[in-house]
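User: I would like to go through the charged side chains of this protein with you. Could we look at the model together?

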Amino acid sequence: MDRSSGDSRLAGGTNGADGAADLVSRSRELEGVAADTILDGSAAARVQWATPDGLELVGRGIAAEFTAGGTGRFDRLRDRANRVFSGLVHDGPEPARPRAVGGVAFHDGHEPTPPWTGFPAASFIVPRVQVVRTDDGTWLTAVGDRAGEADDRLERWHDRLTVSPGSGPSGSTPGVAATRRTTSPAEWTTQVDTALERIADGRLRKVVLAQALSVELEGPIDVAATLERLGRQYPNCYRFSIGHGTGGTFFGAPPERLVSKRGQRVETEALAGSVPRGETPAEDEDHVERMRGDEKFQHEHGLVVDAIREQLAPFARDLTVSEQTIRRLATIQHLQTPIEATLSSDRHVLEIVEALHPTPAVGGVPPDAAWETIRETESFDRGWYAAPVGWFDADGDGEFAVGLRSGVATDEQVTLFAGSGIVADSDPDEEWDEVQLKFRPVLDELR
């Protein structure tokens, strides 16, 4: 299958773009089952998704797949998904409905070279089997291209999980043998200076520059166990993993929601400006007060708020920007501004995702000049880092996070990514320190 421009397919081999087959899903409630137990080593395609407010989804196998690349990738994804989902027959509670889970690359022209083998410019799968947990219960859902197939799959997996419910992953950390930076301190200073020159001459107002850290492990990584540890350490962050079986697994615990859409209601947020956590509550507050009162931090954050407001305005009947707050995580604190909107017409969540990506929190202002600077300056392929990851359903509702605090795992190596926003008075040494701080959440769980 040529994925340079995109395609969609059903697991049974029928091309979803032709609309020749329907999906059928069946669901049953589960009790006392760890969702992660469906992720055994035989699953070629595996996805995990968890939100701070309690939704947890784990899936395996491919009932349908949508891929796209190049300009217009979001339109093609949406059109192909709509054709497949239009024939979906779901027999089960609403929370257990099938979802397409996946993400897109930061750049629309992304090519899947190592470590991003298996990750095209955009890819979503509807799992054959998924377990969904909410505050109201836990459900097993099986999807097939006919009712009998879905029923048989549901019964097999229900029996398997009931007999051996498991207790979820509990593997030890793989250990870190060595690390290697793709960007040296001297190269970083040159990159930041280049950005500052472009800001000074008016081409840029802000750009986010990133680094990659290659981590050689002492043993194989258990991504599900790593996510479980990240969830305990960062319970108010998202958690995700996406593995297609033909390459690595992209995973992370991002703090930033890109967008959540339920019907006409849209929620998003500006998250920009970072300081460390203190050793004591008093030190915490000292860092926060410095961030609140610092012109550089407030300027950087304000650019993100203004850009999101402008990007959402064409879709919204009304839009509310709330008061600025502080988002505290285990090792870092951010300025945060919640933003909500009511849509003026029916929209697919992918339309909102396309409008918001990349926010100035991961790209820059103006967007085209920032993208050009990133392409010309960074010495590695961002792949899916800092790009939208999440899910959508047959109604066009869904939720996406920004793929930060993340890495791609292949065998006994993990490549981590982190970045920092560069504005007019940024200091290369301070920005270097901020990037190293942002590597810590995932790196600490590998040691």
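User: Is arginine 133 buried, partly exposed or exposed?
Analyst: Please note at the outset that this is a predicted model. Arginine 133 counts as partly exposed, with a relative accessibility of 23%.

User: Which residue does arginine 133 form a salt bridge with?
Analyst: Its partner is glutamate 56, and the closest N and O atoms of the pair are 2.8 Å apart.

User: How many salt bridges does the structure hold?
Analyst: There are 32 salt bridges in the structure.

User: What does arginine 26 pair with?
Analyst: Arginine 26 forms a salt bridge with aspartate 91, with 4.0 Å between the closest N and O atoms. This pair links distant parts of the chain: arginine 26 is in strand E2 (residues 24-30) and aspartate 91 is in strand E6 (residues 89-91), 65 residues apart.

User: Where do those two stand, buried or exposed?
Analyst: Arginine 26 is buried, at 16% relative accessible area, whereas aspartate 91 counts as partly exposed at 47%.

User: Moving on, which side chain meets arginine 262 in a salt bridge?
Analyst: That is glutamate 399, at 3.5 Å from N to O.

User: How accessible are they?
Analyst: Glutamate 399 counts as buried, with 3% relative accessibility. Arginine 262 has 38% and counts as partly exposed.

User: A change of topic, then. Which residues gather in a patch of negative charge on the surface?
Analyst: The patch consists of Glu279, Glu283, Asp286 and Glu289.

User: Where is aspartate 286 found, and is it buried or exposed?
Analyst: Aspartate 286 lies in helix H5 (residues 281-293). It counts as exposed because its relative accessibility is 52% and the class begins over 50%.

Terms used. Residues numbered from 1 in each chain as written. Predicted model: local features only at pLDDT ≥ 70, side-chain atom pairs only at ≥ 80, totals over all residues. Heavy atoms only, no water. Helix = DSSP H or I, 4+ residues; strand = E, 2+ residues; numbered from the N terminus. Buried < 20%, exposed > 50% of the residue type's maximum accessible area, 1.4 Å probe, protein only. Patch = residues over 30% accessible without salt bridge, like charges linked within 9 Å, V, L, I, M, F, W, Y side chains within 5 Å. Areas by Shrake-Rupley, 256 points an atom, 1.4 Å probe, with all protein chains shown as cover. Lys, Arg positive; Asp, Glu negative; His and termini not counted. Charge placed at Lys NZ, Arg CZ, Asp CG, Glu CD.
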